[in-house]
Amino acid sequence: MIISQYMTKEHRGCDTKFAEAEQAAASGDWAKAEEAFLAFSNDTLKHFKKEEEELFPAFEAQTGSSEGPTQVMRYEHEQVKGLIGKLAGALESQDKDAYLSLCESMMILLQQHNMKEEQMLYAMCDRVLPPETKESTLEKMKKVEL
Ligand SMILES: [Fe+2]
Ligand SMILES: [Fe+2]
């Protein structure tokens, strides 16, 4: 379960930063909100890049399909990126109501996305990828930079 473990840990790390930013914004600490949001968005975008450039292609090559679950995940990444942009805008204008309401949408979207990956896609990767492919994909993901 090396893929599941590594990727799930990253989801949790992003969740923590996201919650930190939300709490800071709710209490009007915009400097802290900005710092935590930046960490959240950088970590999330880097995580997406690991999936899109390394994990998904490895899964697609193994299963011979790029039109299944990975296509849905890629589409949801675009939705998350759109919300990151909107959150950044609300943060910049220090619009607490807008920020917190966007947080709600983001939380629902990310929870559903992450759950699908953790319960289905990562589990499938751990099941179908040969051990050496899992090792090499993991090593390549660790080297991905934004
Ligand atoms: Fe993803
Ligand atoms: Fe993910």
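## Contacts and the basis of the model

Two residues are said to be in contact if their C-beta atoms, placed from the backbone, lie within 7 Å. By this criterion, and leaving out residues up to four places away in sequence, phenylalanine 37 touches Ala21, Leu87 and Leu91.

The structure is a predicted model, in which local features need pLDDT of at least 70 and side-chain atom pairs count only at pLDDT 80 or more, while totals for chains, interfaces and linings use all residues. Residues are numbered from 1 along each chain as its sequence is written, and chains are lettered from A and ligands numbered from 1 in the order in which they are written.

## Nonpolar cores

A residue counts as buried if 20 or more other C-beta atoms lie within 10 Å of its own, as exposed if 12 or fewer do, and as partly exposed in between. A nonpolar core is a set of buried Ala, Val, Leu, Ile, Met, Phe, Trp, Tyr and Cys residues joined through C-beta atoms within 7 Å. In soluble globular proteins, nonpolar side chains tend to be buried together.

The largest such core has 14 residues, and Ala21, Ala33, Phe37, Phe40, Leu87 and Tyr99 have the most contacts inside it. At least two of its residues come from each of α1 (2-26), α2 (30-63), α3 (69-92) and α4 (96-128); helices here are DSSP runs (H or I, at least four residues), numbered from the N terminus. Another core, of 12 residues, lies apart from it and includes Ile3, Met7, Met73 and Cys125.

## Packing of α3 against α4

Helix axes are lines fitted to C-alpha atoms over the stretch in contact, and angles run from 0 to 180 degrees between N-to-C directions. The axes of α3 and α4 are 10 Å apart, and the helices pack at an angle of about 160°. The two helices are therefore roughly antiparallel, a term for angles over 145 degrees. Their crossing is left-handed, that is, the near helix is turned anticlockwise from the far one by less than a right angle.

Among the residues that meet are Met73, Val80, Leu83 and Leu87 in α3 and Tyr99, Leu102, Leu109 and His113 in α4. The contact of α3 with α4 comprises 15 nonpolar, three polar and three charged residues. In this division Ala, Val, Leu, Ile, Met, Phe, Trp, Tyr, Cys and Pro are nonpolar, Asp, Glu, Lys and Arg are charged, and the others, Gly among them, are polar.

## Packing of α2 against α5

Helix α5 (residues 131-143) crosses α2 at roughly 170°, and the two axes come within 10 Å. This angle makes α2 roughly antiparallel to α5. Lys50, Glu54, Leu55 and Ala58 of α2 form the contact with Thr133, Thr137, Lys140 and Met141 of α5. Three of these residues are nonpolar, two polar and three charged.

Valine 80 is found in helix α3. It is partly exposed because 17 other C-beta atoms lie within 10 Å. Apart from neighbours within four places in sequence, valine 80 is in contact with Thr44, Leu109, Leu110 and His113.

Glutamate 78 also has its place in α3 and counts as exposed, with 9 C-beta neighbours inside 10 Å. Glutamate 92, in helix α3, is exposed with 11 other C-beta atoms within 10 Å. Glutamine 94 lies in the loop between α3 and α4, and its phi is near 50°, a positive value in a residue other than glycine. Most residues other than glycine have a negative phi.

Terms used
Parallel < 35°, antiparallel > 145°, perpendicular 65-115°, else oblique.
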